[in-house]
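Student: I would like to go through the labels attached to this model and see what each one rests on.

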Amino acid sequence: MEILTPRDVPLGGLRAMNVRRTLPQRRRTFVGAWCFIDHYGPDHVDPNTGGMVVSPHPHTGLQTVSWLFTGEIEHHDSAGHHALVRPGEVNLMTAGRGISHSEYSTGSTTLLHGAQLWLALPEHARHTDPDFEHYAPKPILAGNWEARVFLGSLLDSTSPVRTHTPLLGAELRLRAGATLLVPVEEDFEHGLLLDSGAITVNGEPLAAHELGYVEPGRDHLLLKAQEDALLLLLGGPPFGEQIVMWWNFIGRDHDEIVRYRDQWQGLINDGVADQFTLPPGDLLPPIPAPPLPNARMVRRG
């Protein structure tokens, strides 16, 4: 098992909350189509200055997957979707050819804890129309563990949420001393993001906040919990395409990313863009794109 450790990243400008970013890293871009993992909390929310405050910003070429353990986040997007992200319920937003959205923790939220993840869209789907889906999976309960499958299939539970490549996304909770043998697809690679506790995966230790990567070729994962443990299990077949990922955009080359940025800045500066609009009724100004890098961006896979 390859161990990936997170780096701390401020999110949201002046009132930034810190997140732990585990993917992408220099040595790994993907786990299946999963290409971005931010993990945050549990953070106590100051009602005046704290919480999640992410004003309108754009996306292209990806799907966002929002999953909470504690708290509540309000979602608005330019395709007209308005939803709440709640614990144990997945919100999947398809950016496709272009979307913008905002995310704010609600006034009733006193503790915020969860994960924000991205899925890269394959070539045949990356210019699709923006979309949004919500799903609340029923928990699978056993004596000393439980699971919620929000994407794909696991442990005889299947999510109806549509994705554009085969995928797995599930929350697992194990009590101290629990052993769980998880049958998995042999052609999938898997990532286990341990939120809290301590476990072994096929006999190898994984500590809190680490992401354990398991390459294809295994038909099961044997999990043993030394402490009460909370984790996300993510998977999919190797993505097989190279991408350029910069700021909130996924494209296929440097020039495409430059066009996306120009479109977004045109909307901010002049109110005109073919590719983007703003979420209706959002009161905060949109986030400007950062300066482009001095060198040409290269594809990674």
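Student: Why is Phe-239 called buried?
Tutor: Buried means under 20% relative accessible area, exposed over 50%, and partly exposed in between (1.4 Å probe, protein chains only). Phe-239 has 11% relative accessibility, so Phe-239 counts as buried. Phe-30, with a relative accessible area of 7%, is buried as well.

Student: What do these values come from?
Tutor: This is a predicted model, in which local features need pLDDT of at least 70 and side-chain atom pairs count only at pLDDT 80 or more, while totals for chains, interfaces and linings use all residues. Residues are numbered from 1 along each chain as its sequence is written, and side-chain values use heavy atoms, with hydrogens and water left out.

Student: What makes Phe-30 and Phe-239 an aromatic pair, and why is the pair called tilted?
Tutor: Rings of Phe, Tyr and Trp (its six-membered ring) pair if their centres lie within 6.5 Å; planes under 30 degrees apart count as stacked, over 60 as edge-to-face and the rest as tilted. Here the centres are 4.8 Å apart and the planes 35 degrees, so the two form a tilted pair. Phe-30 lies in the loop between β3 and β4, Phe-239 in the loop between β24 and β25, 209 residues apart; strands are DSSP runs (E, at least two residues), numbered from the N terminus.

Student: How do you know that Arg-28 lies over the face of Tyr-213?
Tutor: The rule asks for NZ of Lys or CZ of Arg within 6 Å of the ring centre and within 35 degrees of the ring normal. Arg-28 is at 3.6 Å from the ring centre of Tyr-213 and lies over its face.

Definitions and conventions:
Helices (H or I, at least four residues) and strands (E, at least two) are DSSP runs, numbered from the N terminus.
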